[in-house]
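I would like to go through the charged side chains and the sheet of this model step by step. Please start from the display below.

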Amino acid sequence: MAMRENWCVICGAVRNLDQFTRTVIHFRSLRERGVVQGIVLSTWFGEIDAHPGLRRLLERYDIATVETADPGDLEWGNLYRQSKQIRLGLELCPENAYVLKTRTDKNMTTALWEGLFRHDLAPDRDAYPGFPDLFEERIAVSEAFLFSPFFASDFEYYGKRSDLQRLIDLNDLLRYCCMYNRLVWTPEERLFGSPFLGSFPITEAYFRRCSSPIRYAPPGEGAHRHSPLSPAGIKLTEGILALTTSHSFGLGLLMTWWAILGRYFHVGMSSSFCSEEPMAVSRAALAGGSLAELLHPSTSGRFLLHNNTGQPDNFFINARNDAWLSAFVNGDLKEDRMYRRFRSVFDEVSSYAFHSAFRDTLACPHPMAEDFVAKLSTITGPQLPFAVVRGAGNSVRGHPAPAK
């Protein structure tokens, strides 16, 4: 593989000067060793000068800077601010560069897997026939959540400069505003989800009607990746996941997410999960493992698939390398009934013919999508309607009208 030109764009406010200084020193050392060729800080007006001596440090270390006005919290919240910073930082990178987007704080620094800067990101187009080339290559993310479509960490990601620009460009505000639960999506889900809604209509059909399968909670409670669930929350989530993984529409959505991960992303950026030794440990643990164990928080940890609480009562199971998906695709897991069912649906949605044929509109709602949300409502209670459509005789089509 030809040598890449790698750049690093550090984004954010300088909240913790010590952490930021360590970040700058680390990436400067990578540049001195030829791992990266350029470093950019993209921040707000006033952030650098708020710390005496910081501008001089950046100049001495030859760190390029771009400063701009903080747009504040609009409806898109933090994603809008992040997008402005990364977009301006990318403009200072060479057109042929590969770029690591990172933060001024909450970054990997020395834990970053240096092999990432030479890792092959070419997509496997043959495995996903017909999938549109939304990006030239795959984009690397540090972690992705198995049960939560489009939820991947946005703290750090890496890819071709043109692909990262494309990722920002494909965030379609108008399409996103046509989703009933648009205020439920996190900035990460908006960043990595909005680009796919138009090309993969099953995802839009789902999120017009429902929230992420693991984001429901009993009244008065929340469902967060950093918090354990109550007994009632566990029961609710297990019921929703049982429906999602047994219903053709729900499983179709979940397997579409896994196919999108396989086609458009590389999962893993940490040396503790992606270097040679932990990858070998992951593959050995996964060999012959059952999908049921892999997907339950009480047993997923043995496959190096953890959640943020470290407890068996939180279903935000995340992957920090792609060994699990390779084991699933390559048939290394136990071939039981659950695996065969998941794999059959995965193979179906891995061909773009499925997505080209999928239709769901207000005039002609997809019958399995309607059936799924009706069954989901028996578990969660009535879903808020995305839209109410009334036809002749005041009949209701599409989504149910709210109770009067």
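Buried here stands for under 20% relative accessible area, exposed for over 50% and partly exposed for what falls in between (1.4 Å probe, protein chains only). The model is predicted, so local features need pLDDT of at least 70 and side-chain atom pairs pLDDT 80 or more, while totals for chains, interfaces and linings use all residues. Numbering runs from 1 along each chain as its sequence is written, and side-chain values use heavy atoms, without hydrogens or water.

Q: Are Asp-360 and Arg-209 buried or exposed?
A: The side chains of Asp-360 and Arg-209 meet in a salt bridge (Lys or Arg side-chain nitrogen within 4 Å of an Asp or Glu carboxyl oxygen), with 2.8 Å from N to O. Asp-360 and Arg-209 share one class of accessibility, namely buried.

Q: How many residues apart in sequence are the parts that Asp-360 and Arg-209 tie together?
A: Asp-360 sits in the loop between α15 (352-357) and α16 (367-380), and Arg-209 in the loop between α7 (201-207) and α8 (231-246). The salt bridge of Asp-360 with Arg-209 therefore ties together parts whose separation in sequence, in residues, is 151.

Q: Which helix holds both Asp-371 and Lys-375?
A: The side chains of Asp-371 and Lys-375 form a salt bridge of 2.8 Å from N to O. Asp-371 is partly exposed at 27% relative accessibility, and Lys-375 is partly exposed at 37%. Being four residues apart, about one turn of the helix, Asp-371 and Lys-375 both lie in α16.

Q: Which side chain of opposite charge is nearest to Lys-101, and how far away is it?
A: Lys-101 belongs to strand β4 (residues 98-103), where strands are DSSP E runs of at least two residues and helices H or I runs of at least four. Although Lys-101 is buried, it has no salt bridge. The nearest side chain of opposite charge to Lys-101 is that of Asp-154, at 5.6 Å.

Q: Which strands stand at the edges of the sheet?
A: Seven strands make an open sheet of mixed pairing, in the order β3-β2-β1-β4-β7-β5-β8, with pairing requiring at least two DSSP bridges. Two strands have a single partner each, so one side of each is left without a neighbour in the sheet, and these are β3 (64-68) and β8 (265-267).

Q: Which residue of β7 does Ala-140 stand opposite?
A: Strands β5 (residues 139-141) and β7 (residues 157-160) pair over two bridges in the antiparallel sense. Opposite Ala-140, the residue of β7 is Tyr-158.

Definitions and conventions:
Lys and Arg count as positive and Asp and Glu as negative; His and the chain ends are not counted.
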